[in-house]
Amino acid sequence: ENGGTLFMHFPEHLEYNPVGNTILRHYDSIPTPWIISPDGQQASYQVESPALPHVIVESSAIRIPKNEFPLDGSAVKLAMHIINHGSQTLPVIRPLICMQYQGLQGFPQKLQENYKHSFIVINDSLTPLSDLSTTDPHTTFKGCVVKGCPQRDTRSERTGGLITQDMDLALSVVTSLDGKRKIIIWWTPGKSMIANAYIPCIHADPYFGNLQPGQQAYADGMVIF
């Protein structure tokens, strides 16, 4: 009750190639693709990439009923599916799914000690981003790669914000300023996370790898309040 709003770009950017060629972006000039259920408890879309004919992206967000969620809170199940019906290979796919938490009541705002309230799991330990060193100690943009993931890009390396240790899984946590409430974001298979204290936002992004013509890939996620 009175919890506020979590704003999500789903996706913010969906790119391929190290240079970041576009598959789908939040600012694409296409008709709104989302189909929302009458009860408002689920939403989904199926859209063809404006830049790549016959490359299809499907995404969904479904609230888990309270009686099916065993923890104290609520949750939304996420899914993304990419189908390459096109003629070219899509190498090094990078999904950026942006969770902007400034609309949540009592959560950190822009440049408000965001890293002290943002956590990832490293060596089985929930670790605040403020404790994790980067090349630029004053960066407002940190990132980390999931252990064992062959794709090492996060975008944070451009600003000196890449965390040297790998994270155990694509799971990110942000807590309210008083520490009494939190959101948990998780994806599998997992690729990386980024956190931008300036927006402020946090990611836990999935791994899709390379998609040759005729191939498809899936990822599942969850947001827990």
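The following is a working chat about a predicted model.

User: What do I need to know about the ground rules here?
Analyst: The model is predicted, so local features need pLDDT of at least 70 and side-chain atom pairs count only at pLDDT 80 or more, while totals for chains, interfaces and linings use all residues. Residues are numbered from 1 along each chain as its sequence is written, and side-chain values use heavy atoms, with hydrogens and water left out.

User: Sheet first. What is the strand order in the open sheet of nine strands?
Analyst: The order is β3-β4-β5-β6-β16-β12-β11-β8-β9, with antiparallel pairing. Strands (E, at least two residues) and helices (H or I, at least four) are DSSP runs, numbered from the N terminus. Two strands pair if DSSP finds at least two bridges between them.

User: Which strands stand at the edges?
Analyst: β3 (35-36) and β9 (125-128). Each has a single partner strand, so one side of each is left without a neighbour in the sheet.

User: And how many bridges join β11 to β12?
Analyst: Six, and the two strands run antiparallel. β11 covers residues 170-175. Ala-170 stands opposite Trp-187 in β12.

User: What else does Trp-187 touch?
Analyst: Leaving aside neighbours within four places in sequence, the contacts of Trp-187 include Phe-10, Leu-78, Ile-97, Pro-206 and Ala-219. Contact means heavy atoms within 4.5 Å. Trp-187 is also among the residues with the most contacts inside the largest nonpolar core, together with Ile-23, Ile-93 and Ile-120.

User: How many residues does that core have?
Analyst: The largest nonpolar core has 49 residues. β6 gives the most to this core, with four residues. A nonpolar core is a set of buried Ala, Val, Leu, Ile, Met, Phe, Trp, Tyr and Cys residues joined through side-chain atoms within 4.5 Å. Buried means under 20% relative accessible area, exposed over 50%, and partly exposed in between, with a 1.4 Å probe and protein chains only.

User: Ala-219, then. Buried or exposed?
Analyst: Ala-219 is buried, at a relative accessible area of 1%, and is found in strand β16 (residues 216-224). Not counting residues up to four places away in sequence, Ala-219 touches Trp-187, Thr-188 and Pro-189, among others. The C-alpha atoms of Ala-219 and Tyr-207 are separated by 7.4 Å, with the two residues 12 apart along the chain.

User: What about Asn-84, buried or exposed?
Analyst: Asn-84 is buried, with a relative accessible area of 0%, and lies in strand β6. Beyond neighbours within four places in sequence, Asn-84 is in contact with residues including His-54, Thr-89, Leu-211 and Gly-214.

User: Which residue other than glycine has a positive phi?
Analyst: Val-92 is one of them, with phi near 50 degrees. Val-92 sits in the loop between β6 (75-84) and β7 (94-100) and is partly exposed, at 26% relative accessible area. Leu-111 has a positive phi of about 55 degrees. Leu-111 is in the loop between β7 and β8 (118-122), and counts as partly exposed at 47%.

User: Charges now. How many salt bridges?
Analyst: The count comes to eight, taking a salt bridge as a side-chain nitrogen of Lys or Arg within 4 Å of a carboxyl oxygen of Asp or Glu. In one of these, Arg-94 pairs with Asp-153, the closest N and O atoms being 3.1 Å apart. Arg-94 is in strand β7 and Asp-153 in the loop between β10 (141-145) and β11, 59 residues apart.

User: What else does Asp-153 form a salt bridge with?
Analyst: Lys-191, with the closest N and O atoms 3.7 Å apart. Lys-191 lies in strand β13 and Asp-153 in the loop between β10 and β11, so the pair ties together parts that are 38 residues apart in sequence. Asp-153 counts as buried at 16% relative accessibility, and Lys-191 is buried at 1%.

User: Which residues make up the network?
Analyst: Salt bridges that share partners join Glu-15, Arg-25, Arg-94, Asp-153, Arg-155 and Lys-191 into one network.
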